[in-house]
Amino acid sequence: MPQKKILIVDSDAASRNFIARKLQELDYEALQAGSGKEGLIFTWRDHPDLVIVDPAPSDIKGEEIASKLRNDPRTALLPLVALSSDHNPARIKFCHEAGFNDYITKSGNAVSMLSDAVSRLLGVTQEAMKQGGLMIVFLSAKGGTGTSSICANIAVNIAKNQPEVRVAVADLVFPVGSIAPIVGYQGKENIVTIADRSPLETDTEFFQTKLPQIEYWNFNLLAGSPDPELSNLLNVGRIWDIVSGLKASYDYVLVDIGRSLSKITLPLIQHADLVALLISTDVSTVSLTKIIVDYLKAKGVNPDQIYTILNRHAGLEGLSKREAETMLGIEVNTAIPYLGTNFGFANSQHRPFTLKFPNDTASIIFHDSARDMVDLAHKIRSQ
Ligand SMILES: Nc1ncnc2c1ncn2[C@@H]1O[C@H](COP(=O)(O)OP(=O)(O)OP(=O)(O)O)[C@@H](O)[C@H]1O
Ligand SMILES: [Mg+2]
């Protein structure tokens, strides 16, 4: 494996050299920048795998460096560690909010804390995303297309088809998640509370034992944000290691991103084993979906990795499967009929559709689609 590059941004040369030496002893390549401006330039030019910043104000404050890097799609998910002599809790909070994954204070055990943080954060790499559980990301071009209900119903069918596997559903729809109300989860844990915990706490055991197992649904849920106010407090820098923690703990991780295609969610799509794209049958949604498909292709997503689900929930007057395929330029993998009020009824009782209406054709479609998606995801992973 090529040596990992770590950039140290610190205006204090002695401290920078000391950290660089320690990192070299750990077999990392250490790059150095003596100011915030250099730090930003070197990050974008030299593509380090991780950046350590002393956030003490030199020319640019550490928080500002972090938010600049987070707001640039090239570095939106780059692991960032603050290494600071400032113990002030308010400062630590600001740094987390600005996008630092970790904040380490320069104290007696700083080097060992730093080396733990570095190896943990660097574990979350492209190679790591190819290991662990298979990840299926659910998205749609428009809200209300049925993404969350279908994500939950596919998840329960994956678990039913293979009782020996562990399935997790992660709701990463912002500003408000919608899986919890569908499955009836009212507990306190959600993406915001979990992202707030120390990364040392959210290890594999945490994900396996502390994520609520949802009755009737046979999956564990990482609930979304319960309200927009909390969403604003989300430490987005943690999403990447939370998702990889889920992958290390479950056989299948289904992620609902709804219509929130953003710099935070795009990398998840790019690293997904399969992308489930929900489409409804009206012309405007199909046209918007075409834009999304073309965009994803331009971002390196292989069209064969996209599993399209035509959900006829708008009614019978919409486009046919063939017409949708012609407009989209890709095959539609499955079509779920309009289920009248039955789907809403199952959702409102917090039950899987297949459990409530086992003899409905749609239950067979959910069962078969879950199996096909799993087969396809396995096939793509093994390529
Ligand atoms: N095939 C269908 N037949 C009938 N109703 C459906 C169908 N698919 C979805 N619905 C209904 O549409 C509504 C929206 O579904 P859901 O919340 O899953 O969509 P969503 O795309 O996740 O929406 P949001 O953008 O709000 O997150 C729900 O009331 C659901 O019961
Ligand atoms: Mg939803």
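Good morning. I begin with Thr202, which is in contact with Ile194, Arg197, Phe207 and Arg238, leaving aside its neighbours within four places in sequence; contact here means heavy atoms within 4.5 Å. Before going on, I note that this is a predicted model, in which local features need pLDDT of at least 70 and side-chain atom pairs count only at pLDDT 80 or more, while totals for chains, interfaces and linings use all residues. Residues are numbered from 1 along each chain as its sequence is written, chains are lettered from A and ligands numbered from 1 in the order in which they are written, and side-chain values use heavy atoms, with hydrogens and water left out.

Let me stay with Thr202. This residue is found in the loop between α9 (191-196) and α10 (204-210); helices (H or I, at least four residues) and strands (E, at least two) are DSSP runs, numbered from the N terminus. Is Thr202 buried or exposed? Thr202 is buried, because its relative accessible area is 8%; the classes are buried under 20% relative accessible area, exposed over 50%, and partly exposed in between, with a 1.4 Å probe and protein chains only. One of the residues it touches, Arg238, also makes a polar contact with it, side chain to side chain, at 2.8 Å. A polar contact is a pair of N or O atoms within 3.5 Å; within protein, one must be able to donate a hydrogen and the other to accept it, and residues adjacent in sequence count only if both atoms are side-chain atoms.

Helix α12 covers residues 239-249. Of its 11 residues, 10 are buried, and the helix is thus mostly covered. Among the buried residues are Ile239, Trp240, Asp241 and Lys247.

I turn to Ser260, in the loop between β10 (252-258) and α13. At 16% relative accessibility, Ser260 counts as buried. Not counting residues up to four places away in sequence, Ser260 touches Leu172, Val173, Phe174 and Thr265. A polar atom of the Ser260 side chain lies 2.5 Å from the backbone oxygen of Ile257. Ser260 and Lys142 are 118 residues apart in sequence, and their C-alpha atoms are 9.2 Å apart in space.

Next, the charged pairs. Side chains of opposite charge can pair when their charged atoms come close. How many salt bridges does the structure hold? The structure holds 17, where a salt bridge is a side-chain nitrogen of Lys or Arg within 4 Å of a carboxyl oxygen of Asp or Glu.

I will show three of them. In one, the side chains of Arg45 and Asp46 meet at 2.9 Å, N to O. Arg45 is exposed, with a relative accessible area of 53%.

In another, Lys106 meets Asp54 at 2.8 Å, N to O. Lys106 lies in the loop between β5 (102-105) and α5, and Asp54 in the loop between β3 (50-53) and α3 (62-70), so the pair ties together parts that are 52 residues apart in sequence. Lys106 is partly exposed at 29% relative accessible area, whereas Asp54 counts as buried at 13%.

The last pair is Asp273 and Arg381, whose side chains meet in a salt bridge of 2.7 Å, N to O. This pair links distant parts of the chain: Asp273 sits in the loop between α13 (266-270) and β11 (274-280), and Arg381 in helix α18 (residues 361-381), 108 residues apart. Asp273 counts as buried, at 6% relative accessibility, and Arg381 is partly exposed, with a relative accessible area of 23%. Finally, salt bridges that share partners join Asp10, Asp54 and Lys106 into one network.

I close with the domains. Domain 1 is 5-123 and domain 2 is 127-381; these bounds come from an automatic or database domain assignment. Taken over C-alpha atoms, their centres are 34 Å apart.

Leu77, Asn101 and Arg120 supply 48% of the area that domain 1 buries against domain 2, more than any other three residues. Across this interface the rule finds 0 salt bridges and 0 residue pairs in polar contact, with both residues at pLDDT 80 or more.

Definitions and conventions:
Buried area = accessible area lost by both parts, 1.4 Å probe.
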